[in-house]
Amino acid sequence: MIPTTEELLEFISKKELVNLSMIAKNYDIKNATASDIVNDLVHKKLVEIKQIGGSKIVVLKKRYKWKRGKLLFSSFLGL
């Protein structure tokens, strides 16, 4: 099952460090599909991909916070 944007953002926010293989295993999809889905979020400027060694880590941008099924803009609050 391919996750929606909301489901994927919620999964990333619950787990601090998420790599592409964790997303693929959780949603039972291939790594290439997980990469395509995450790249869509990168283009929407919701997440960042940081490369640490051979792994690509997906991190929510600091100015966005995922809470109770809603994406909140929290840079003014300093959260």
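**Asn19 and its surroundings**

Mentor: Beyond its neighbours within four places in sequence, Asn19 is in contact with Ser55, Lys56 and Ile57. This is a predicted model, in which local features need pLDDT of at least 70 and side-chain atom pairs count only at pLDDT 80 or more, while totals for chains, interfaces and linings use all residues. Residues are numbered from 1 along each chain as its sequence is written, and side-chain values use heavy atoms, with hydrogens and water left out.

Trainee: What makes these pairs contacts?

Mentor: The term requires heavy atoms within 4.5 Å. Asn19 meets that condition with Ser55, Lys56 and Ile57.

Trainee: Why is the pairing of the side chains of Asn19 and Ser21 called a polar contact?

Mentor: A polar contact is a pair of N or O atoms within 3.5 Å; within protein, one must be able to donate a hydrogen and the other to accept it, and residues adjacent in sequence count only if both atoms are side-chain atoms. The side chains of Asn19 and Ser21 are 3.1 Å apart at this contact, so the pair qualifies. The side chain of Asn19 also reaches the backbone nitrogen of Met22, at 3.0 Å.

Trainee: Where is Asn19 found in the secondary structure?

Mentor: Asn19 lies in strand S1. Helices (H or I, at least four residues) and strands (E, at least two) are DSSP runs, numbered from the N terminus. The chain has three helices and five strands.

Trainee: Why are the buried residues of H2 said to be on the same side?

Mentor: Those residues are Leu20, Ile23, Ala24 and Tyr27. Buried means under 20% relative accessible area, as against over 50% for exposed and partly exposed in between (1.4 Å probe, protein chains only). They cover an arc of only 100° around the axis, which puts them on the same side of H2; the arc is that of the directions from the helix axis to the C-beta atoms. Their cover includes H1, strand S1 (18-19), H3 and S3.

Trainee: What makes a set of residues a nonpolar core?

Mentor: Its members are buried Ala, Val, Leu, Ile, Met, Phe, Trp, Tyr and Cys residues joined through side-chain atoms within 4.5 Å. The largest such core here has 18 residues, and Leu8, Ile23, Val38, Val47 and Val58 have the most contacts inside it. Helices H1 (5-14), H2 (20-27) and H3 (31-43) and strand S3 (55-60) each give two or more residues to this core.

Trainee: How confident is the predictor in the chain?

Mentor: The mean pLDDT, the predictor's confidence in each residue from 0 to 100, is 81, and 77% of the residues reach 70 or more. Over residues 74-79 the pLDDT is below 50.
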